[in-house]
Amino acid sequence: MNNFNNIPDYHLHSEFSADCETNINEIIDKAKSLGMNSVCFTDHNDLDFPDTPDKLIFDLKFNEYLNTLSRLQDKLAKENGFDLRIGVEQGVMPSTCNPLNSYTAEHPGLDFVICSSHVVDGIDPYYPELWVYPDGTIKDPEKMYQIYFEEMLYNVQNFHDYNVYGHIDYVFRYGPDPSAPGAEGFQKINSEIFEKTYWIKYKELFHEILKTIIDDGKGIEINTGSLYRGMDYMHPHSLILKMYKELGGEILTFGSDAHDLDHIGYGFKEAADFAKSFGFKYFCAFKNMKPEFIPL
């Protein structure tokens with residue numbers, strides 16, 4: 001498969017996610033217009049998610065979600081062969097690993113599950129409130145990063161009901177870098193800063209996380225959402241993807257993390273080239289939680 005438009009987007013959000021209002025039918029129509037013949041919806045389900053400043057509730061209304069997508073799945077397959085897959089993005093914390101380990105058994109009908117770390121120190125890194133004390137002074141972000149990756153390691157050691165780990169270095173999408181020359185406030189971490197500062201600090205943790213993922217028969221995603229959110233590299237950073245490949249990782253999906261129509265399939269040509277540059281010859285789609293290896 002050489003047409004990157006035919007790489008299915010395996011990280012998409014719709015009106016069933018608390019932080020999204022985009023209509024499912026419009027998403028499918030846009031995917032078709034881009035040349036895609038398949039997508040997988042992965043709406044948020046974050047059990048026991050902490051209170052957010054904007055009062056969002058990330059509990060997926062699963063029965064309504066499954067019924068809606070199942071009807072569409074049948075309709076699209078009959079009409080034009082469009083292959084709609086049904087997934088979920090599980091926001092996982094150490095406290096929810098055990099309860100979520102039976103999720104797919106208790107909620108039959110899923111093709112695919114992303115496991116994602118969305119919380120550190122009781123709040124999503126997306127919110128600036130994580131990074132400052134009430135008086136406005138900035139917390140030590142490296143403590144937050146350390147907690148984030150230590151909890152991720154716990155997650156992969158104790159949670160197994162998933163297929164790929166999502167946006168592994170998500171915390172760097174929003175975290176400040178106080179060590180950067182001239183840094184003030186919330187300067188973003190870029191690729192160079194990651195390589196010089198954070199790769200060295202967390203390399204051993206990344207190694208253990210990735211090795212555990214691979215040994216458990218799971219994979220990771222290339223998530224292009226960071227590119228349209230102001231970063232200069234996609235998740236995961238090239239050094240993380242290189243390590244994953246060198247450790248024997250093969251399961252790889254592509255996801256835009258789109259919450260709107262404009263970013264469906266965003267940067268997939270670059271993402272495919274990125275994967276191939278490290279020797280990946282296949283990407284994965286999933287049916288009934290089982291991987292299908294498709295040539296890049």
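The model is predicted, so local features need pLDDT of at least 70 and side-chain atom pairs count only at pLDDT 80 or more, while totals for chains, interfaces and linings use all residues. Residues are numbered from 1 along each chain as its sequence is written, and side-chain values use heavy atoms, without hydrogens and water.

**Helix H1**

Helices are DSSP runs (H or I, at least four residues), as are strands (E, at least two), numbered from the N terminus. The axes of H1 (residues 24-33) and H2 (residues 62-80) come within 12 Å and cross at roughly 35°; axes are lines fitted to C-alpha atoms over the stretch in contact, with angles from 0 to 180 degrees between N-to-C directions. On the H1 side, the contact (heavy atoms within 4.5 Å) is made by Ile-24, Asn-25, Ile-28 and Lys-32. H2 contributes Thr-68, Leu-69, Leu-72, Leu-76 and Asn-80.

Buried residues (under 20% relative accessible area, 1.4 Å probe, protein chains only) of H1 are Ile-24, Ile-27, Ile-28 and Ala-31. These cover an arc of only 95° around the axis, which puts them on the same side of H1; the arc is that of the directions from the helix axis to the C-beta atoms.

**Asn-163**

Asn-163 lies in the loop between helix H5 (141-158) and strand E5 (164-165). Asn-163 is buried, at a relative accessible area of 6%.

Note on methods. Buried means under 20% relative accessible area, exposed over 50%, partly exposed in between (1.4 Å probe, protein chains only).
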